[in-house]
Amino acid sequence: MKRWFHILLIASLAILLASCQQQTTSNGQHKKVVKVAVSAEVNPPYLYTDENNKFIGLDMDYMHLLEKKLPQYDFQYEIGEEEANLVGLGAGKFDMAINWFFKTPEREKKFLYQDEPYSYSLTMLAVHKDNNSIHGLDDMTTHRLTPMAPSGGLYSILSRYNESHDEQIDIDTIHSPSNGDNLKMISQGRRDAMFINWNTYTAIQSVLEQDVKIGGIVTKEPLHIVYNKKHQQLHDDIDRATKELKEEGKLQELSHRYFDIDIYQDLDVINSKKDALEVQ
């Protein structure tokens with residue numbers, strides 16, 4: 001009898017402990033810690049700091065939405081330089097990283113990429129305010145671009161264009177181009193257009209106020225979280241949550257807040273509303 005009493009007592013305790021563990025988990029305790037690498041490089045509207053030096057922007061708002069969608073995770077953020085963050089991600093110091101990441105073949109070999117992009121980067125052609133003939137890359141086969149660095153996402157986009165078209169765009173490269181000087185070249189009529197990211201254009205034009213405008217939005221480049229390859233479950237959970245946020249219209253709300261347009265729409269629709277993207 002004593003033996004059966006001990007067995008029943010142990011079984012009851014096991015059930016009670018399991019119940020307590022389930023309860024604490026449902027109450028938000030004992031979450032799985034996820035170390036998130038965030039770039040120290042300020043890149044509005046995706047990531048920048050407020051007057052209290054706290055990081056804000058579209059990326060952080062998106063992460064806060066994920067926190068609500070995925071209460072089983074405790075997202076803990078650490079600020080660092082982008083390349084150091086990626087090294088740490090590969091070494092397992094971080095579980096994931098967010099910082100305006102494009103897909104590249106080199107990085108896809110090292111990391112897991114988000115399959116459901118959380119936003120997009122817009123690439124555009126800046127032209128003189130009186131120019132009404134340049135709207136896309138096809139127009140640049142007979143016009144001159146400002147110089148650009150011989151690496152990076154913008155150069156890759158132009159290189160892919162030339163690989164798939166008979167008529168080529170002349171890519172003038174220098175190692176340390178100045179975005180400010182390039183924008184002034186357009187304003188002064190010394191070059192026809194500048195290929196640039198919309199957010200970079202906005203930041204520079206708001207300060208320099210040159211005689212330029214958006215000729216056309218050229219591409220939407222998907223932005224992804226990157227993960228250490230060991231974290232397939234985390235990857236899948238965030239992909240599912242991101243898809244739900246799109247279906248609920250939450251990411252579209254972020255887009256309107258930071259871009260004044262729905263960035264998830266087709267390029268033709270975005271171009272029809274490009275005046276909303278112009279520096280006011």
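Student: Is Asp 237 buried or exposed?

Tutor: This is a predicted model, in which local features need pLDDT of at least 70, side-chain atom pairs count only at pLDDT 80 or more, and totals for chains, interfaces and linings use all residues. Residues are numbered from 1 along each chain as its sequence is written, and side-chain values use heavy atoms, with hydrogens and water left out. Buried means under 20% relative accessible area, exposed over 50%, and partly exposed in between (1.4 Å probe, protein chains only). Because its relative accessibility is 6%, Asp 237 counts as buried.

Student: Which residues does Asp 237 contact, leaving aside its neighbours within four places in sequence?

Tutor: Asp 237 belongs to helix 8 (residues 232-247); helices are DSSP runs of H or I with at least four residues, numbered from the N terminus. Contact means heavy atoms within 4.5 Å. With those neighbours set aside, the contacts of Asp 237 are Leu 70, Gln 72 and Tyr 73.

Student: How are helix 6 and helix 7 oriented to each other?

Tutor: The axes of helix 6 (residues 179-187) and helix 7 (residues 198-208) come within 10 Å and cross at roughly 70°. Axes are lines fitted to C-alpha atoms, for helices over the stretch in contact, and angles run from 0 to 180 degrees between N-to-C directions. Angles under 35 degrees count as roughly parallel, over 145 as roughly antiparallel, 65 to 115 as roughly perpendicular and the rest as oblique. Helix 6 and helix 7 are therefore roughly perpendicular.

Definitions and conventions:
Helix = DSSP H or I, 4+ residues; strand = E, 2+ residues; numbered from the N terminus.
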